[in-house]
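Subject: Structure handover

Hello,

Here is the structure we talked about passing on. Please load it and keep it open while you read.

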Amino acid sequence: MGKFYHMNIAGLERDLPLCPLNDKLYIAGFVMFSDVELTQAVAKELLSKVPEFDVILTAESKGIPLAYEMARQSGKNYVVARKGIKLYMVNPHEVDVRSITTARAQKLYLDDFDVARLKGKKVLVVDDVISTGESLASLEKLLEYAEGEVAARCAVLAEGAAAERKDIVFLEKLPLFPRD
């Protein structure tokens with residue numbers, strides 16, 4: 001078995017596997033998929049820390065369960081910026097995004113229906129982990145196009161230097177790990 005980083009998140013203990021990012025660093029893999037207990041707990045704790053908002057925006061990624069649960073608990077809707085154009089999308093608008101956990105640059109899309117849901121709204125921008133901030137920046141570009149306003153930026157974890165940012169709401173710091 002590999003190495004793990006043990007942490008407490010929203011009162012729950014979890015062991016996160018250490019994954020090689022490059023030849024110098026490991027990152028701790030944080031995945032909420034299939035962990036209902038954790039998703040419910042972090043959503044509740046994040047909602048207690050964010051200001052008023054009208055709608056939630058997240059990228060099609062591991063943040064979806066969090067956005068859904070925050071929407072369910074708050075009674076607000078959520079919008080997912082898609083990673084590909086779907087047949088049902090009308091006039092999709094795109095932005096580039098580069099995440100440290102993906103091998104290549106990607107795109108995020110909102111169509112006219114989702115743009116209308118965000119226009120003039122106070123939007124909570126949600127992700128599972130904020131590291132470089134690239135995903136957040138891409139979501140904010142889409143939000144700017146949609147003429148929505150950022151109510152707050154939030155994530156469960158802030159990784160590395162992101163933990164020093166004053167413009168995000170997060171629950172726990174996640175260190176980077178030097179490779180042996």
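This is a predicted model: local features need pLDDT of at least 70, side-chain atom pairs count only at pLDDT 80 or more; totals for chains, interfaces and linings use all residues.

**The parallel sheet**

Start with the five-stranded sheet. It is open, its strand order is S5-S4-S8-S9-S10, and the pairing is parallel. The edges are strand S5 (77-81) and strand S10 (169-174). Each has a single partner strand, so one side of each has no neighbour in the sheet. From one strand to the next, the twist averages 25°.

Two of the pairings are worth a look. S8 and S9 pair in the parallel sense over eight bridges. In that pairing, Asp 127 stands opposite Ala 155 in S9. Strand S9 (residues 149-159) also pairs with S10, again in the parallel sense, over five bridges. There, Glu 159 stands opposite Leu 174 in S10.

How enclosed is S9 by the rest of the structure? Largely, because eight of its eleven residues are buried.

**Helices on that sheet**

**The antiparallel sheet**

The other sheet to look at has four strands. It is open, with the order S1-S2-S3-S11 and antiparallel pairing. Strand S1 (4-9) and strand S11 (177-178) stand at its edges. Each of these has a single partner strand, so one side of each is left without a neighbour in the sheet.

Strand S3 (residues 25-28) and S11 run antiparallel and are joined by two bridges. Tyr 26 has Phe 177 as its bridge partner in S11. H1 packs on this sheet, touching S1 and strand S2 (12-20). The direction of H1 makes about 105° with that of S2.

**Where H1 meets H2**

Now the helix pair. Two packed helices are described by the angle between their axes and the distance between the axes. For helix H1 (residues 36-47) and helix H2 (residues 64-74), the axes come within 9 Å and cross at roughly 60°. H1 and H2 are therefore oblique to each other. The crossing of H1 past H2 is right-handed.

Which residues make the contact?

- From H1: Thr 39, Gln 40, Val 42, Ala 43, Lys 44, Leu 46 and Leu 47.
- From H2: Pro 65, Leu 66, Glu 69, Met 70, Arg 72, Gln 73 and Ser 74.

The residues of this contact divide into seven nonpolar, four polar and three charged.

**A closer look at H2**

Which residues of H2 are buried? They are Pro 65, Leu 66, Ala 67, Glu 69, Met 70 and Ala 71. Their cover includes H1, S4, S5, S8 and S9.

Tyr 68 is in helix H2 too. Tyr 68 has a relative accessible area of 42%. Buried means under 20% and exposed means over 50%, so Tyr 68 counts as partly exposed. Between Tyr 68 and Leu 108 there are 18 Å in space, C-alpha to C-alpha, and the two are 40 residues apart in sequence.

Just after H2 comes Gly 75, with a positive phi of about 75°.

Best regards

Conventions:
Residues are numbered from 1 along each chain as its sequence is written. Side-chain values use heavy atoms; hydrogens and water are left out. Axes are lines fitted to C-alpha atoms, for helices over the stretch in contact, and angles run from 0 to 180 degrees between N-to-C directions. Angles under 35 degrees count as roughly parallel, over 145 as roughly antiparallel, 65 to 115 as roughly perpendicular and the rest as oblique. A crossing is left-handed if the near helix is turned anticlockwise from the far one by less than a right angle, and right-handed if clockwise. Contact means heavy atoms within 4.5 Å. Ala, Val, Leu, Ile, Met, Phe, Trp, Tyr, Cys and Pro count as nonpolar, Asp, Glu, Lys and Arg as charged, and the others, Gly among them, as polar. Two strands pair if DSSP finds at least two bridges between them. Buried means under 20% relative accessible area, exposed over 50%, partly exposed in between (1.4 Å probe, protein chains only).
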